[in-house]
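Colleague: I am new to this structure and would like to go through a few of its details with you. Could you show me the sequence and the model?

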Amino acid sequence: MGALAASIASHVPSGMLSAGLAALAALPNPGELVRKAARLEDELRELLRLNGRGAEARAEQGAGNRAQQTRERFLRAYERLKDELLNDRAFNFDFTEETRQWVAKMLDYNVPGGKLNRGLSVIDSYMLLREGTEVDEEDFYLACVLGWCIEWLQASALVMDDITDNAYTRRDNLCWYKLPTVGLSAINDGVLLKCHVQAIIKRYFKEKFYFMELMELWNEIGLQTAMGQMLDLITTHTGAKDLARYRIQGYRRIVKYKTSYYSFYLPVACALLLNGAKLSDYVELKNVLIEMGVYFQIQDDYLDCFGDPQVIGKVGTDIEDYKCSWLIVQAMELANENEMKILYENYGKSCPECVAAVKNVYKELDLQDIFLEYESRVYKHLVSTIDAEPDGAIREILKIFLKKIYRRKK
């Protein structure tokens, strides 16, 4: 009762508590006193439960409000950054008005339209690392700048991927290259987006003590991402000749370099450098983030086939594009002779009947259940790894990343 009494004292209004105790004291019958005390205890427990629910709801609402405010500040930073790119001669190399309008349209169409998870992750991570200290507007803006650099890099990769994959929609819109006025000039736009990143970093961070390490990080991630894209193209080319060459080792190598480094490690690494840390002290953190990136891409492959386009914002084309996806890798390991024949005859073809035939094999092989089992296993492993992390800020950063992945398909 001591713990309960302490909890009651901290949550129940003093007037209510005094009145209850006075009522008990006025009772002459000891048995009635015990029964009345038990009822009062039950009522107080229910009051505490309801109060706890209310506190939890208020906490969630507060977190949601803060997230919305952060997003709004992040979007305002985009407008400032875009304005500087378009009007500062150090960036625009004497743009004509026509060129300025084209670049403005290209940026608005491709950069800020997604969920912005990668960019916002820089800010979330940085604010957790700085918890307990004041973050002024300039520091916050620098975190936004690096966040937008990642969104610029993401936009560049998506523009190029859509052309390579002959994709039709992206983020509920036509792909940039599909616009009649754009076409294959989108290739140059994709290159320009990547060049912007280097110019922005040099402009804002050249005088910072961590500038060289920041540039090394971005150069390394850029190389790794390009290598991942090359591996993806080569594997798709060889797989088109022989599906049996799609194996899990090659798949994980593609995902690690094409997705994990820039989508998961880069945002946190940027935040660490902004906070004055040395990246060499966070090798284990890097490994966990890479593992999360693999989980993310496997989920993405699953959603490409089984997700609702209205929810995920795109029409999946992995089957039509002969992609080395997690689903086809699993199917090649599990299919019997007849199912293998169907896969060879239909994978990589764009006609709806062929796509349906492949999806039917996936269903016969219970790949949806296999994915859910994989997801549950990996999620539990990541949770235990995160819980064992001794650094509170790092632990919270990892929790945020895992929450974003796990709730993506909900």
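Colleague: Is Thr 317 buried or exposed?

Modeller: This is a predicted model, in which local features need pLDDT of at least 70 and side-chain atom pairs count only at pLDDT 80 or more, while totals for chains, interfaces and linings use all residues. Residues are numbered from 1 along each chain as its sequence is written, and side-chain values use heavy atoms, with hydrogens and water left out. Buried means under 20% relative accessible area, exposed over 50% and partly exposed in between, with a 1.4 Å probe and protein chains only. Because the relative accessible area of Thr 317 is 18%, this residue is buried.

Colleague: With which side chain does the side chain of Thr 317 make a polar contact?

Modeller: A polar contact is a pair of N or O atoms within 3.5 Å; within protein, one must be able to donate a hydrogen and the other to accept it, and residues adjacent in sequence count only if both atoms are side-chain atoms. At 2.7 Å, the partner of the Thr 317 side chain is the side chain of Asp 321.

Colleague: Is Cys 354 buried or exposed?

Modeller: Cys 354 lies in helix α15, residues 352-364, where helices are DSSP runs of H or I with at least four residues, numbered from the N terminus. Its relative accessibility is 9%, so Cys 354 counts as buried.

Colleague: What distance separates the C-alpha atoms of Cys 354 and Glu 320?

Modeller: Cys 354 and Glu 320 are 34 residues apart along the chain. The separation of their C-alpha atoms is 8.6 Å.

Note on methods:
Helix = DSSP H or I, 4+ residues; strand = E, 2+ residues; numbered from the N terminus.
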